[in-house]
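Here is a short report for a first look at a structure. Start with the picture below, then read on.

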Amino acid sequence: MVWPSPGASALMARSPLSPSDPLHAEHLGSYPLLALALDHRPGRNRWVLWFTVGWIVALGPSSPRHLGGGGTLGKAGGTAVKQCPFPTALTWLIILMSVTVTTITGLSISAISTNGKVKSGGTYFLISRSLGPELGGSIGLIFAFANAVAVAMHTVGFAETVRDLLQEHNSLIVDPTNDIRIIGVITVTVLLGISLAGMEWEAKAQILFFLVILVSFINYLVGTVIPATAEKQAKGFFSYRADIFAQNFVPNWRGPEGSFFGLFSIFFPSATGILAGANISGDLKDPAVAIPKGTLMAIFWTTMSYLVLSATIGACVVRDASGSLNDSVAVGSPGCEGLACSFGWNFTACAQQQSCRYGLSNYYQSMSMVSGFGPLITAGIFGATLSSALACLVSAPKVFQCLCKDQLYPLIGFFGKGYGRNSEPIRGYMLTYVIAVGFILIGWRPSFRYYSKWAALFGAAVSVVIMFLLTWWAALIAFGIVIFLLGYVLYKKPDVNWGSSMQASSYNMALNYSVGLSEVDEHIKNYRPQCLVLTGPPNFRPALVDFVGTFTKNLSLMLCGNVLIGPRKQKMPESRLMADGHTKWLMKRKIKAFYTDVVAEDLRSGVQMLIQAAGLGKMRPNILVLGYKRNWRTASPESLEDYVGILHDAFDFKYGVCVMRMKEGLNVSRVLQAHVNPTFEAAEHPENGTGSRAAPGTAADPTTLASEQQASTIFQSKQGKKTIDIYWLFDDGGLTLLIPYLLGRKKRWGKCKIRVFVGGQINRMDEERKAIVSLLSKFRLGFHEVHILPDINQKPRPEHIKRFDELIAPFRLNDGFKDEATVNEMRQGCPWKISDEEVDKNRAKSLRQVRLNEILRDYSRDAALIAITPPIGRKGRCPSSLYMAWLETLSQDLRPPIILTRGNQENVLTFYCQ
């Protein structure tokens with residue numbers, strides 16, 4: 001929840017400084033924006049109030065800018081309040097332009113704050129944990145210092161207002177300048193005492209300031225509906241009038257310096273300050289909820305208040321008025337010009353001479369004059385400046401403390417120590433106090449599910465434009481420095497002859513980043529599914545290539561591996577020739593992947609080479625993806641052993657495993673059968689045999705590969721409103737959940753609904769469903785449809801059990817439960833054979849696969865994709881033929897593609913991990 005202050009133009013009570021005033025340069029004020037957030041400390045469950053800070057800079061009387069019109073822009077929180085009248089229409093345009101930028105920023109902050117657990121440290125914590133310590137540290141240090149300086153600026157605004165009150169009553173302490181310093185030091189000392197007293201006293205003080213501002217706001221609105229007295233009418237106030245609003249709705253430019261962007265640069269800073277909620281992240285009960293809600297609601301209500309204030313003042317007060325009661329005339333008097341004539345007032349003389357003291361174009365106390373009780377507006381200025389100063393005094397030490405604890409910079413760790421139950425940064429408070437007092441004494445007078453990367457880019461572009469509108473020369477200097485440093489890093493490279501300069505620069509940049517990545521410790525938040533895909537020649541298995549390419553595109557590494565079986569001298573020339581052709585084929589298919597091959601005596605040893613050697617530094621595969629071996633029953637027993645052995649090797653090398661099966665098979669090769677790895681799917685086309693060789697210049701020719709017709713697959717077409725069904729049967733680290741989630745984020749699969757199926761008990765279905773939904777919500781995957789399978793442990797149908805028994809019958813040893821020594825002797829030379837004891841011991845697991853297949857056919861008959869956690873056959877305990885029978889039984893007779901995914905127990909999902 002949030003509540004905005006009256007805004008920049010509402011809190012104006014003090015008269016402007018005279019041209020001879022020494023402080024006539026630029027004056028700074030602030031407006032408060034109240035944000036509410038839940039306190040999470042023990043024993044607390046209440047609303048804590050916080051003000052965000054925005055700045056409004058206005059030119060002093062020495063260089064006034066008058067832009068005639070209705071809506072009022074100005075400064076709040078300083079002694080000198082310069083009002084720049086402006087047409088209501090353009091005022092609204094300025095407000096909406098400013099809010100557009102802050103809304104985009106708010107959406108970005110909301111996205112960052114919901115991307116994991118948010119701890120103390122505010123803006124620095126969010127940036128550093130999202131963009132890294134390099135950007136986070138530099139921005140955090142500057143941000144903390146800026147907030148400390150802001151304490152001084154807001155305090156000076158308060159002190160200037162108090163000094164003017166003393167000056168009006170001839171009660172100066174010393175002189176105008178030193179009075180500001182004295183009042184400022186006393187004020188910031190009192191604010192420091194409130195901060196040191198603890199969050200409870202801070203909250204009470206902010207509540208008091210909020211009530212004062214709220215009363216001031218209501219006081220102004222009430223004043224607009226009170227009938228105008230003769231004295232107020234003489235100053236241009238006539239209550240709500242449609243013709244006044246119509247006149248003030250259009251511009252009436254005055255003075256050579258009047259411009260739209262000049263007023264925009266004055267107003268825009270008042271729309272900032274949206275990070276107050278984020279800066280107190282450590283004191284929020286649920287930052288992931290409070291920060292987005294508080295920030296976006298604050299922007300909304302502030303926008304509404306600005307629009308209301310500009311509309312109401314523009315509908316009540318004329319542009320010029322003399323303030324003299326003698327200018328009252330009869331309606332329709334001759335010689336009277338201007339809108340006020342229809343209300344019985346003649347301001348013609350002063351308007352023509354531009355000597356009117358009152359009206360929106362001239363009177364700096366219009367808001368006070370319109371309000372029901374003028375001193376309440378002054379009280380509102382006090383509340384605005386003090387609340388802003390207190391908010392900065394709170395946020396700066398907390399941000400700096402987190403920065404110090406991370407020890408990114410030397411010599412600042414002393415300020416990271418916290419005190420008390422809430423680890424209050426007492427030393428940080430004292431440092432902020434010293435900085436604020438220093439700037440007061442020297443008399444310094446300065447002049448964010450809805451997130452989109454394109455919206456963020458637009459916000460950045462607009463911010464750059466605003467930089468030039470505010471201070472163009474400073475923006476040029478900043479951009480000059482940035483461009484120089486960027487050019488130095490990009491183009492200062494060794495002079496090497498590796499081709500064009502652009503190629504050399506690209507190579508060096510990639511190399512530097514790869515080496516730099518090796519220096520970064522692995523973290524679960526940075527996990528990427530980096531896949532080694534056993535495609536053989538990629539054009540032979542396009543569905544497997546498309547599947548992996550879909551979820552790794554622009555996200556992670558994909559490496560297509562091929563094992564060339566045969567003598568090295570014979571295969572090496574073929575390898576060199578094939579690599580270029582397959583790479584061009586991948587590029588033509590728009591698959592962002594690498595191709596690599598190895599020459600080996602057999603498939604398993606070749607895959608072991610790939611598993612161990614593929615990748616570079618931290619860009620190394622962590623998932624092995626391969627096609628399902630459909631011909632395992634008719635293939636040679638050695639190839640069956642190799643296939644299952646590859647799965648075991650992957651787990652031994654800490655890889656996850658993903659096996660893909662499609663009803664129509666994966667291998668689409670016909671003429672190019674020469675390069676099919678016989679262990680995988682050569683027998684899918686028995687007529688081609690297993691040992692054929694392609695004619696020279698066909699499969700291995702790069703030109704032929706690049707020009708051949710691309711085969712279409714299911715992963716290249718839009719899936720519509722189907723379902724992606726996940727059967728999450730074992731906790732393998734989350735890989736079974738992650739891959740379908742990444743697939744569902746792609747455009748072609750974006751309309752698919754993801755369903756999660758888990759086993760459960762029929763009498764606890766509701767409790768188990770709620771528990772799984774709660775767990776999935778903490779993973780932030782967006783899975784909301786969860787189905788409990790209470791019948792997962794039921795006995796399968798007899799005919800399906802019989803089919804499984806018939807499936808393994810050719811591979812049974814039929815030893816009659818003999819002793820282990822006898823069984824080993826009988827199995828000599830045929831390790832894939834299944835003993836009777838192994839059949840009996842694994843009976844429950846076998847029946848489970850039969851039952852799971854029944855469930856898959858019942859629930860996922862029309863799914864677009866099925867992802868399921870496969871069983872694991874323990875090495876040495878489960879023969880390869882029995883394990884393949886499990887996979888066959890689990891995935892047979894299914895129309896949709898099925899992905900058998902098993903992680904290696906490494907967590908791949910963040911669960912409230914910093």
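## Overall build

The protein chain contains 29 helices and 17 strands. This is a predicted model. The chain has 914 residues, and 53% of them count as buried.

Its accessible surface comes to about 40700 Å². Carbon and sulfur atoms account for 60% of that surface.

## A nonpolar patch

Five residues make up a nonpolar patch on the surface: Ile-173, Val-174, Ile-182, Ile-186 and Val-190. Together they have about 440 Å² of accessible area. Ile-173 sits in the loop between α3 (133-168) and α4 (176-197).

## Salt bridges across the chain

Side chains of opposite charge can pair when their charged atoms come close. In the whole structure, a search finds 21 salt bridges.

One of the salt bridges joins the side chains of Arg-604 and Asp-649, at 2.8 Å from N to O. This pair links distant parts of the chain, 45 residues apart. Arg-604 belongs to helix α20 (residues 603-613), and Asp-649 to helix α21 (residues 637-652). How accessible are the two partners? Arg-604 is partly exposed, with a relative accessible area of 25%. Asp-649 is buried, because its relative accessible area is 6% and buried means under 20%.

## Two further pairs

Asp-805 forms a salt bridge with Arg-843. Their closest N and O atoms are 2.9 Å apart. Asp-805 lies in helix α25 (residues 798-808) and Arg-843 in helix α28 (residues 843-859), so the bridge ties together parts that are 38 residues apart in sequence. Asp-805 is partly exposed, at 28% relative accessible area. Arg-843 also counts as partly exposed, at 26%.

Arg-812 pairs with Asp-836 in a salt bridge, with the closest N and O atoms 3.0 Å apart. Where do the two residues lie? Arg-812 is in the loop between α25 and α26 (820-826), while Asp-836 is in helix α27 (residues 836-841). The pair links distant parts of the chain, 24 residues apart. Arg-812 is partly exposed, with a relative accessible area of 26%. Asp-836 counts as buried, at 8% relative accessibility.

## A salt-bridge network

Which residues are linked in a network of salt bridges? They are Arg-633, Arg-661 and Glu-888.

How values were computed. Residues numbered from 1 in each chain as written. Predicted model: local features only at pLDDT ≥ 70, side-chain atom pairs only at ≥ 80, totals over all residues. Heavy atoms only, no water. Patch = residues over 30% accessible without salt bridge, like charges linked within 9 Å, V, L, I, M, F, W, Y side chains within 5 Å. Areas by Shrake-Rupley, 256 points an atom, 1.4 Å probe, with all protein chains shown as cover. Salt bridge = Lys/Arg side-chain N within 4 Å of Asp/Glu carboxyl O. Helix = DSSP H or I, 4+ residues; strand = E, 2+ residues; numbered from the N terminus. Buried < 20%, exposed > 50% of the residue type's maximum accessible area, 1.4 Å probe, protein only.
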